[in-house]
Number of protein chains: 2
Amino acid sequence: MVELQTSPLDTIFHALADSTRRRMLSALGGGDRTVSQLAEPFSISLAAASKHIKVLEQAGLLRREIRGRTHVCRLDPGPLASAHQWLAAYEHFWTERLDVLERLLREEDARPSPPPTSLPPAEEGDDA
Amino acid sequence: MVELQTSPLDTIFHALADSTRRRMLSALGGGDRTVSQLAEPFSISLAAASKHIKVLEQAGLLRREIRGRTHVCRLDPGPLASAHQWLAAYEHFWTERLDVLERLLREEDARPSPPPTSLPPAEEGDDA
DNA sequence: CTGTAATTCAACCATGTGGTTGAATATGCA
DNA sequence: TGCATATTCAACCACATGGTTGAATTACAG
């Protein structure tokens with residue numbers, strides 16, 4: 001496939017698509033953690049945990065400060081904000097449910113094919 | 001690996017971790033679309049597009065109504081709301097940046113290892 | 001120096017992913 | 001009936017993913 005164009009959002013969402021990594025982020029939400037501390041709750045090898053941490057790091061969700069022989073990891077919320085922002089574009093779809101119903105009832109006649117409403121930050125500029 | 005426990009959030013974030021699928025969601029934001037309509041902007045086979053749509057469907061992001069020989073797809077924003085909500089737990093990390101700085105400056109002495117603050121909807125109950 | 005602790009690296013494995021192509025399955029239309 | 005349209009299915013391929021184990025690297029401690 002060779003995937004020549006991987007957008008930041010691809011990487012961020014992929015990093016979030018694993019519950020081990022999400023729980024690591026949760027832990028980091030409580031403060032800085034070393035690699036071993038992040039790995040501790042899971043019954044996987046340190047090497048496996050190290051790979052997960054690298055995925056988070058490459059998604060920009062985690063900054064690493066090497067202090068002697070231990071690596072201290074800190075949450076970087078920036079990419080989470082990006083993801084949150086992307087999702088926010090769809091917010092009205094789940095918040096204005098009753099509103100939509102109301103609007104439908106208010107309309108004089110039903111349009112057979114409604115003109116595309118289109119999202120503000122979407123279509124081509126989706127990954128920008 | 002056999003992945004015996006896949007959480008909904010795993011599936012949702014995985015579905016979002018592909019720009020083709022995100023752009024399909026964008027299109028659906030503008031109204032219902034058939035499979036061919038969703039596939040049209042992309043230079044991939046219909047079979048490949050069909051697979052993407054199935055991923056979105058299994059994540060619950062898309063509902064399909066079979067109308068004769070065409071499948072009409074509709075955006076289901078529910079799972080987007082879940083993802084948005086999960087991210088919202090981290091919102092203060094990117095909104096209260098200056099606040100944190102201020103708090104640090106206000107503190108009398110630096111604690112060497114700060115007591116874990118812990119996130120409200122996180123840790124074990126991350127996927128619930 | 002020597003041992004141990006923290007972490008990564010490298011090689012390997014099973015399975016998943018995203019793509020292809022060609023055939024199958026309906027459905028609509030003349 | 002017969003053909004075109006819309007979509008999926010099945011088999012295949014290259015590569016990614018998440019896990020393992022064992023060795024390498026680096027730093028602290030006696």
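Buried, as used in these legends, means under 20% relative accessible area. The model shown in every view is predicted.

View 1. A search of the whole structure finds 0 disulfides over all chains.

**View 2. A salt bridge between B:Asp10 and A:Arg22.** The side chains of these two residues meet at 2.7 Å, N to O. B:Asp10 belongs to helix α1 (residues 8–16) of chain B and A:Arg22 to helix α2 (residues 19–29) of chain A, so the pair joins two chains. Both B:Asp10 and A:Arg22 are buried. Over all chains, the search of the whole structure finds 8 salt bridges.

**View 3. The salt bridge of A:Glu57 with A:Arg64.** The closest N and O atoms of A:Glu57 and A:Arg64 are 2.7 Å apart. A:Glu57 counts as partly exposed because its relative accessibility is 28%. A:Arg64, at 25% relative accessibility, also counts as partly exposed.

**View 4. The salt bridge of B:Arg64 with B:Glu57.** In chain B, the side chains of B:Arg64 and B:Glu57 meet at 2.7 Å, N to O. With a relative accessibility of 25%, B:Arg64 counts as partly exposed. B:Glu57 has a relative accessibility of 27% and therefore counts as partly exposed.

**View 5. The open sheet of chain A.** Chain A has 3 strands that form an open sheet in the order β1-β3-β2, with antiparallel pairing. The edge strands are β1 (33–34) and β2 (62–67) of chain A, each of which pairs on one side only. Between β1(A) and strand β3 (residues 70–75) of chain A there are 2 bridges, in the antiparallel sense. Within β3(A), A:Val72 stands opposite A:Thr34.

**View 6. Helices packed on the sheet of chain A.** Helix α2(A) lies across β1, β2 and β3 of chain A, and runs at about 90° to β3(A). Helix α4 (residues 46–58) of chain A also packs on the sheet, where it touches β2 and β3 of chain A. The direction of α4(A) makes about 120° with that of β2(A).

**View 7. Packing of α1(B) against α5(B).** The axes of α1(B) and helix α5 (residues 78–88) of chain B are 10 Å apart, and the helices pack at an angle of about 100°. Angles of 65 to 115 degrees count as roughly perpendicular, so α1(B) is roughly perpendicular to α5(B). From α1(B), the contact is made by B:Leu9, B:Ile12, B:Phe13 and B:Leu16. On the side of α5(B), the contacting residues are B:Pro79, B:Leu80, B:Ser82, B:Ala83 and B:Trp86.

**View 8. The surroundings of A:Leu16.** A:Leu16 is found in helix α1 (residues 8–16) of chain A. Its relative accessible area is 0%, so A:Leu16 is buried. Neighbours within four places in sequence aside, A:Leu16 is in contact with A:Arg22, A:Leu25, A:Leu61 and A:Leu80 of chain A, and with B:Phe13, B:Trp86 and B:Leu87 of chain B. A:Leu16 and A:Ala59 are 43 residues apart along the chain, and their C-alpha atoms are separated by 9.3 Å.

Terms used
Residues are numbered from 1 along each chain as its sequence is written. Chains are lettered from A and ligands numbered from 1 in the order in which they are written. This is a predicted model: local features need pLDDT of at least 70, side-chain atom pairs count only at pLDDT 80 or more; totals for chains, interfaces and linings use all residues. Side-chain values use heavy atoms; hydrogens and water are left out. A salt bridge is a side-chain nitrogen of Lys or Arg within 4 Å of a carboxyl oxygen of Asp or Glu. Helices (H or I, at least four residues) and strands (E, at least two) are DSSP runs, numbered from the N terminus. Buried means under 20% relative accessible area, exposed over 50%, partly exposed in between (1.4 Å probe, protein chains only). A disulfide is a pair of cysteine sulfur atoms within 2.5 Å. Two strands pair if DSSP finds at least two bridges between them. Contact means heavy atoms within 4.5 Å. Axes are lines fitted to C-alpha atoms, for helices over the stretch in contact, and angles run from 0 to 180 degrees between N-to-C directions. Angles under 35 degrees count as roughly parallel, over 145 as roughly antiparallel, 65 to 115 as roughly perpendicular and the rest as oblique.
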